[in-house]
2 protein chains.
Amino acid sequence: MPRYKLTLEYNGTGLAGWQRQPAAPSVQQYFEEAIEKFCGEQVRLHVAGRTDAGVHAWGQVAHVDLARDFRPVNVMGGLNFHLRPARIAVVAAEKVDENFHARFSAKKRYYCYRIINRRAPLILDEDRAWFVPVPLNVEKMREAAAYLIGEHDFTSLRDSECQAKSPIKTLDEVRIEQCGELIELHVSARSFLHHMVRNITGTLKFVGEGKWEPEEIPKILAAKERKAAGPTAPPGGLYFVRVEY
Amino acid sequence: MPRYKLTLEYNGTGLAGWQRQPAAPSVQQYFEEAIEKFCGEQVRLHVAGRTDAGVHAWGQVAHVDLARDFRPVNVMGGLNFHLRPARIAVVAAEKVDENFHARFSAKKRYYCYRIINRRAPLILDEDRAWFVPVPLNVEKMREAAAYLIGEHDFTSLRDSECQAKSPIKTLDEVRIEQCGELIELHVSARSFLHHMVRNITGTLKFVGEGKWEPEEIPKILAAKERKAAGPTAPPGGLYFVRVEY
């Protein structure tokens, strides 16, 4: 039974997120329906990172086992045909061996959070970036970000409903790039807690605004409670970029 | 009577283009209505480049004379308030002297045309780039573009209904950049003919696909008829980037 690794792009606006929900259509649901239309099989997709409603993906990764031996390019074309008009597409497909698991084989996950820092409301970046009209001090944000790198207890930066057993994670990178009014946070780690990237972003935004000094970050981590940190940044600025296996 | 220079961003999708149309809402109409709501004046906006339906702008420039002497930041804020929910915003406003004219003072106009060259349909770039699934040879496109630089009779590359008196224009730059699946054409000139950037793009795409060799370009220009050149690229890939005064 061949296993296929699928790289997915989606526009999270209007989607309920990755996971099947009773109320609204999710990426998983659109996808599993497209697979059934394509080859008649009812299967379950496994995914590298379950994204929330409104979060986008440039390079989400999923895997699925299909009974028939299709050429990967045909799986991609067939699924893309049946995914329409949902704003989801397979951008790459390949056959992998049965030891590959989209979630458990992942060595590193990369996210990008986009902020537009200007007075004027967002137009071309509406639902695709966080509109922050207060000027942000990116240098201070970088100083603050440095305190987050490495292994920490991230209880203060995970959603209060996060179901991960341990709040200990190792953050490899929080690189902040600025190009005019665009500020991008590039965040990578083996794995993340629920809302972790958005909570990091909301906390660094408070530092950028001057509400907090970078030196507050160790205290925020040490507090080990969600309310010690900044707000959860909105989902539309977050992109699941890629996975390293 | 103070004159204001306004820099505008808009998402062209669903807009009838710049100019007032009886059938559909245009950028000009939304803007002039917002001005009337803001200060009660019925005025006419002058613009650097009239864009077609579906074409976007990051830095379109317009000017308007208002009876009252507002602070530019208040003009910007007031117009942005009244422009909602149209996908148009003033991103910068300044007072200029009465010799400034958005259209006639322009020394150089910059456009960008975005192509996504991949097999998978566009998702996050839907209506924001041209989806070209056939692999393009960017080196050949650059060779072809070199023939377009400088002063030429661009009859073959202007819309058959273009109303400009002369088809002679001087193209300063057609720079083609590639980053993964994204191909960007950066085109600048003092002024352009109707559909000129989109017709250049459609013609260079034919070269990139191997339909034509770069050496055909001088013949296409010499033919002086629209049908000698390639197709008009779709509007959603085109961005009016900025104006130099």
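This is a predicted model: local features need pLDDT of at least 70, side-chain atom pairs count only at pLDDT 80 or more; totals for chains, interfaces and linings use all residues.
**Entry 1: a threonine in chain B**

I began with B:Thr201, which I found in helix H4 of chain B, residues 196-209. Helices here are DSSP runs of H or I with at least four residues, strands are runs of E with at least two, and both are numbered from the N terminus. B:Thr201 has 0% relative accessibility and therefore counts as buried. My scale calls a residue buried under 20% relative accessible area, exposed over 50% and partly exposed in between, with a 1.4 Å probe and protein chains only. I then listed the contacts of B:Thr201, leaving aside neighbours within four places in sequence: B:Tyr113, B:Ile115, B:Trp130, B:Leu185 and B:Ala233. A contact means heavy atoms within 4.5 Å.

Residues are numbered from 1 along each chain as its sequence is written, chains are lettered from A and ligands numbered from 1 in the order in which they are written, and side-chain values use heavy atoms, without hydrogens and water.

**Entry 2: the two copies**

**Entry 3: chain A as a whole**

I counted five helices and ten strands in chain A. Its radius of gyration is 19 Å, close to the 18 Å that the globule rule gives for 245 residues, so chain A is as compact as a globular protein of that length. The radius is taken over C-alpha atoms, and the rule is 2.2 Å times the number of residues to the power 0.38. The C-alpha trace spans about 60 × 40 × 30 Å along its principal axes.

Buried residues make up 56% of the 245 in chain A. Of the contacts between residues at least 6 apart in sequence, 70% join residues at least 24 apart.

**Entry 4: A:Pro167**

I found A:Pro167 in the loop between strand E7 (150-153) and strand E8 (168-179) of chain A. Is A:Pro167 buried or exposed? A:Pro167 is buried, at a relative accessible area of 16%. Not counting residues up to four places away in sequence, A:Pro167 touches A:His152, A:Asp153, A:Phe154, A:Thr155, A:Arg158 and A:Leu193. Its C-alpha atom is separated by 9.1 Å from that of A:Leu157, ten residues apart along the chain.

**Entry 5: backbone checks**

I noted a cis peptide bond between A:Arg84 and A:Pro85, with omega about 0 degrees. In chain B, the bond from B:Arg84 to B:Pro85 is cis, with omega near 0 degrees. B:Pro85 sits in the loop between helix H2 (72-83) and strand E4 (88-96) of chain B.

B:His195 has phi near 70 degrees and lies in the loop between strand E9 (182-189) and H4; at 17% relative accessibility, B:His195 counts as buried. B:Lys224 has phi of about 50 degrees and lies in the loop between helix H5 (216-223) and strand E10 (238-244) of chain B. At 47%, B:Lys224 counts as partly exposed.
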